[in-house]
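Open the model in your viewer and keep the selection tool at hand. The stops below go from helix packing to charged side-chain pairs.

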Amino acid sequence: MKKYKGIIFDLDGTLLNTVYDLADSVNEVLTHMGFPCHDEEEYKLKIGHGFRNLIEVSLPEDQRTEENIEKGLDMFVKAYDQKYKNRTVPYNGIPELMEQLHDRHICFAVNSNKRTDYTNALVDKFFSHLPFTAVFGEREGVPKKPDPASALEIAGMMGLKPEEILYIGDSSTDMATGKNAGMDTVGVAWGFRGREELEASGGTYIVDRPEEILDII
């Protein structure tokens with residue numbers, strides 16, 4: 001009997017490489033506001049805590065006022081709305097992994113701190129033919145990761161105990177979310193944060209390629 005019957009995935013940095021469209025959008029905002037832009041690679045350390053936080057940490061430290069954050073956030077959403085499908089793609093091996101999970105009757109879902117409308121739109125673009133149990137982004141009234149509320153809600157929707165679910169992501173936030181929900185975790189080293197952060201945050205497993213997740217299952 002399989003130990004794991006369900007998987008909850010993070011989205012950005014786990015299933016999809018979204019960094020380039022996010023970087024392009026924030027840099028457009030910074031340019032309009034007269035502030036320096038950041039290198040695309042720098043955004044890998046800024047992503048993962050929602051759009052508002054992304055704007056805040058991208059502004060110069062001495063310019064992180066409420067007024068600038070709100071202005072930047074409004075501009076960012078308008079920019080990202082035009083760019084979010086431009087350069088975003090699944091990581092190599094992810095489409096094949098998802099097909100294999102479906103064939104093996106493993107339940108799967110997405111739990112992201114990204115805004116819900118974009119989370120759903122991106123999952124629909126790349127995985128519309130697959131039966132996700134849930135696709136959750138940032139939701140009003142529901143605490144963001146690493147709070148386990150959404151992960152436990154998904155477990156209930158799957159009809160599974162937390163210990164029957166793998167929580168998979170690319171950051172310490174994801175490892176903490178899974179741990180807080182009582183789930184074993186898989187850190188993906190191909191994502192935005194890398195193996196060192198995942199090891200330091202105590203992931204149950206760490207993988208370098210999507211197919212290694214099948215071995216854990």
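This is a predicted model: local features need pLDDT of at least 70, side-chain atom pairs count only at pLDDT 80 or more; totals for chains, interfaces and linings use all residues.

Contact here means heavy atoms within 4.5 Å.

**Stop 1: helix α4**

Select residues 94-103, which make up α4. Colour Ile94, Leu97, Met98 and Leu101; these are the buried residues of the helix. Look down the axis: they lie on the same side of α4, because the arc they cover is only 95°.

Turn to the face pointing away from the buried side. Glu96 and Asp103 are the exposed residues carried there. Then step just past the end of α4 and select His105, where phi is positive, at about 60°.

**Stop 2: helix α9**

Select residues 211-216 to show α9, and pick Glu212 within it. Is Glu212 buried or exposed? Its relative accessibility is 17%, and the cut-off for buried is under 20%, so Glu212 counts as buried. Beyond its neighbours within four places in sequence, Glu212 is in contact with Ile206 and Val207.

**Stop 3: salt bridges**

How many salt bridges does the model have? The count is 20.

- Asp74 is partly exposed at 42% relative accessibility, whereas Lys78 is exposed at 56%.
- Arg195 and Glu199: the N to O distance in this salt bridge is 3.5 Å. The two lie four residues apart in helix α8 (residues 195-200), about one turn of the helix. Arg195 is partly exposed at 30% relative accessibility, and Glu199 is partly exposed with a relative accessible area of 47%.
- Arg209 and Glu211: the closest N and O atoms of this salt bridge are 3.1 Å apart. Glu211 counts as partly exposed at 41% relative accessibility, and Arg209 counts as partly exposed at 44%.

To finish, select Arg52, Glu56, Glu66 and Glu70 together. Salt bridges with shared partners link these four residues into one network.

Terms used. Residues are numbered from 1 along each chain as its sequence is written. Side-chain values use heavy atoms; hydrogens and water are left out. Buried means under 20% relative accessible area, exposed over 50%, partly exposed in between (1.4 Å probe, protein chains only). The arc is that of the directions from the helix axis to the C-beta atoms. A salt bridge is a side-chain nitrogen of Lys or Arg within 4 Å of a carboxyl oxygen of Asp or Glu.
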